[in-house]
Structure formats: C-alpha cells, structure tokens
Amino acid sequence: MARVRIGELELFHTADGAGEPVLLVMGLGGEHGAWDLVRRELVRRHRLVLLDNRDAGASDEAHAPYGTGDMAADALGVMDHLGIERFHVVGASMGGAIAQHLALLAPTRVATLTLVATWGRTDAFLATILASWRLMVEHLSPEQFLAALAPWAFTYRFLETPAPEVVALQTAARERGLLKSVAAYQRQVDACLAHDTLALLALLRTPSLVLVGEDDILTPPRYARTLAAALPRGEVVLLPASGHACFLETPKPLAQRVLHFLARHPLGA
C-alpha cells in the first residue's frame, strides 16, 4: 500500500497477486475496499492494482472541479508509477465512466475494458438522481445519506437479508469514515453529471464487456445496451438477481464472468 503524487494530488494505491495486471476503479464516493469480495476471486489469476480516486478513501481531496477524464489521467499516472505498460481495466459505476476515458486516453495500453453498472452519457434520468444526491448529502448525516442510497444500490432481496460479508465491509467503512467530505462527494457528483463519451467510443477497438445487474435501477440495462452498441467490440452480459452494487451483492458471478472474459483476451493477443 502506498501513495504517489500525480500532478498536485497524492493518490492511494495497492497492488496484489501475480499474472496479467488488472486495474480496478471504484465508483462515486467509494474506495478500493469495496472491491474486496470480487478481489479475492480475481487475485488467484491476476495482479490487481486498486486505487482510491481523488476525493475518496485515502487519496487527497481535490482543489478544484474536474471531470471523469481527469480521474482517468490519475489512474494512468498510477500505472506509469508502477511501470505497467499494458493492462486490463475493470470499472464500476463512476469507475466505468473513468475506464472509458482511460481507454480513449491510452488505447494501445488498455488491453480490455470491463464496464460494470455504468453509463456512457448522463441523461435526464440519471442527472435528476445525481442532482438529488448532491443536495441530500448536505442535509443528512453520512449514516442517513448512505441509508437513503441503499435502495438504488441493492435489490429488495439483499435489503431483506444482507450478506454477512457485505455487512462486515460496511461496518469497516463506517469506522474509517463513510465520506471524505461533503464537498469531495459533490465534486465527484459534478464529474458524473458532465460525463459523456458516447460519441467517442466508436474510436476504440478494445474488447469490451459490459456487465449490468438485471435489477439495476440506477444504471439500468438500457445503458449497458447503449454502451455495447457504441463500442465496436462490445458485448453485454446481464447478472441475474443483482442490482447496481453487483460487486457486493453477487461478487462471485461477476468475478467468474470477468475471469472468463479476460481469459479470452490475453495481453499477448
């Protein structure tokens, strides 16, 4: 575990395992620990690099507004620091938006894209939700705010019977602090509101897997289908009985699909 200065900010990152490198990028307000349940499956075959995005986890708070493209440059800087030239990228939610920019920024270095529960262009539906979160985070305690987000992240099945390992992760997150700060979260929301790569994705020849929970109500399957249609080598896979936070709700099925996809597209291909 380490921090590295990329531009004006220090970013936290960690690397684990052996094999072809895979960069894991988490979503809005999240930190690298949210990957833990998927990580334990992927690390058996791959070298994993995880980072905390600016304004989240153990990375620095930003000093000014930014976009998802700036966070992609952060992630590329971490890979430069580690001396990793070519790698796979897995991004969830906002992390998937960042991953799109990363592939556009370094198309010869990103070997594959796995885009989980994400979107290519913020439409009126998603913008309305994000704008409401931007307002809510100012007026609720972190505990209340995260509770209000739960129905957007998880299915009714999970909310009725939460998995013990997810409860343990959530407890650990509470102990560390649920949010970096209100301003930090709002800057990430603003980056999400401005996200739009849809017209540029046709430039990519990157093999791309678009994964989405069939019960995801935040970034529903229609977003995944639109992304896959825009990507010349894109394919959609629905995760049964899973919501937006599929990396927590159904981590093993998600990891199995990622591993199968990566095995089909090795770095040397």
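Visitor: Where does S141 lie?

Guide: Helices here are DSSP runs of H or I with at least four residues, numbered from the N terminus, and S141 sits in the loop between α4 (124-139) and α5 (142-153). This is a predicted model, in which local features need pLDDT of at least 70, side-chain atom pairs count only at pLDDT 80 or more, and totals for chains, interfaces and linings use all residues. Residues are numbered from 1 along each chain as its sequence is written, and side-chain values use heavy atoms, with hydrogens and water left out.

Visitor: Is S141 buried, partly exposed or exposed?

Guide: Buried means under 20% relative accessible area, exposed over 50%, and partly exposed in between (1.4 Å probe, protein chains only); S141, at 30% relative accessibility, therefore counts as partly exposed.

Visitor: Which residues of α2 are buried?

Guide: In general, an α-helix has 3.6 residues a turn, so residues three or four places apart point the same way. In α2 the buried residues are T68, M71, A72, D74, A75, L76, G77, V78 and M79.

Visitor: At what angle do the axes of α2 and α3 cross?

Guide: Axes are lines fitted to C-alpha atoms, for helices over the stretch in contact, with angles from 0 to 180 degrees between N-to-C directions. The axes of α2 (residues 68-82) and α3 (residues 94-105) come within 8 Å and cross at roughly 70°, which means that α2 is roughly perpendicular to α3 (65 to 115 degrees).

Visitor: Which residues of α3 does α2 meet?

Guide: With contact taken as heavy atoms within 4.5 Å, residues of α2 including M71 and L76 meet M94, A97, I98, H101, L102 and L105 in α3.

Key: Helix = DSSP H or I, 4+ residues; strand = E, 2+ residues; numbered from the N terminus. Parallel < 35°, antiparallel > 145°, perpendicular 65-115°, else oblique.
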